[in-house]
Amino acid sequence: MKGMVVAIMLLAGAAVAQTSFVSAAEAMRPSLVSITTLRVIPGAGDSGVTQAQEIGSGFVIDTLGHILTCSHVVANYQEVTVTFADEK
């Protein structure tokens, strides 16, 4: 019986945590961005050039529009495109 009470308490706590996470995620959605990068690799492929495209994410951290992301998302790329959740 004691184990059952603990399990019910854990489930109730998980439900509250999930609700809190969903609320936080919805509040942050306008600041989330998708980052698409393009890198040209000379000397590779049939034409002597290969393009590598990757996708990452980040979020706006201030009113000036600075975006925080991991360095590997944007390092050594020639073109970086940022798209907001509203696709602008």
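Which residue in β2 is the bridge partner of Leu-32? The bridge partner is Phe-59.

## Basis of the model

This is a predicted model: local features need pLDDT of at least 70, side-chain atom pairs count only at pLDDT 80 or more, and totals for chains, interfaces and linings use all residues. Residues are numbered from 1 along each chain as its sequence is written, and side-chain values use heavy atoms, with hydrogens and water left out.

## Overall fold

The chain has 2 helices and 4 strands. Both kinds of element are DSSP runs, numbered from the N terminus: helices are H or I with at least four residues, strands are E with at least two. Along the sequence the pattern reads α-β-β-β-α-β.

The chain has 88 residues, and 11% of them are buried. Here buried means under 20% relative accessible area, exposed means over 50%, and partly exposed lies in between (1.4 Å probe, protein chains only). The accessible surface of the chain is about 6,900 Å². Carbon and sulfur atoms account for 64% of that surface. Areas come from the Shrake-Rupley method with a 1.4 Å probe; for residues, only the protein chains shown count as cover.

Contacts are also counted by sequence separation. A contact means heavy atoms within 4.5 Å. Take the contacts between residues at least 6 apart in sequence: 49% of them join residues at least 24 apart.

## The sheet

The 4 strands form an open sheet. Their order is β3-β2-β1-β4, and the pairing is antiparallel. The edge strands are β3 (67–68) and β4 (79–84), each of which pairs on one side only. Two strands count as paired if DSSP finds at least two bridges between them. In general, strands of a sheet pair through backbone hydrogen bonds, either parallel or antiparallel.

Strands β1 and β2 are joined by 11 bridges. On its other pairing, β1 meets β4 through 6 bridges. There, Ser-34 stands opposite Thr-83 in β4. Strands β2 and β3 pair over 2 bridges. Val-60 has Ile-67 of β3 as its bridge partner. These two strands, β2 and β3, form a hairpin with 6 residues between them. Gly-65 sits in the turn and has a positive phi of about 95°.

## The salt bridge

How many salt bridges does the model contain? The count is 1. The rule asks for a side-chain nitrogen of Lys or Arg within 4 Å of a carboxyl oxygen of Asp or Glu. The pair is Glu-54 with Arg-39, and their closest N and O atoms are 3.9 Å apart. Glu-54 lies in β2 (residues 49–60) and Arg-39 in β1 (residues 32–42), so the pair ties together parts that are 15 residues apart in sequence.

Side chains of opposite charge can pair when their charged atoms come close. Glu-54 is partly exposed, at 38% relative accessible area. Arg-39 is also partly exposed, at 25%.

## Two loop residues

Ser-31 lies in the loop between α1 (2–28) and β1. Ser-31 is buried, with a relative accessible area of 14%. Leaving aside residues up to four places away in sequence, Ser-31 touches Gly-58, Phe-59 and Val-60.

Is Asn-76 buried or exposed? Asn-76 is exposed, at 64% relative accessibility. Asn-76 lies in the loop between α2 (71–74) and β4. Its phi is near 65°, a positive value in a residue other than glycine.
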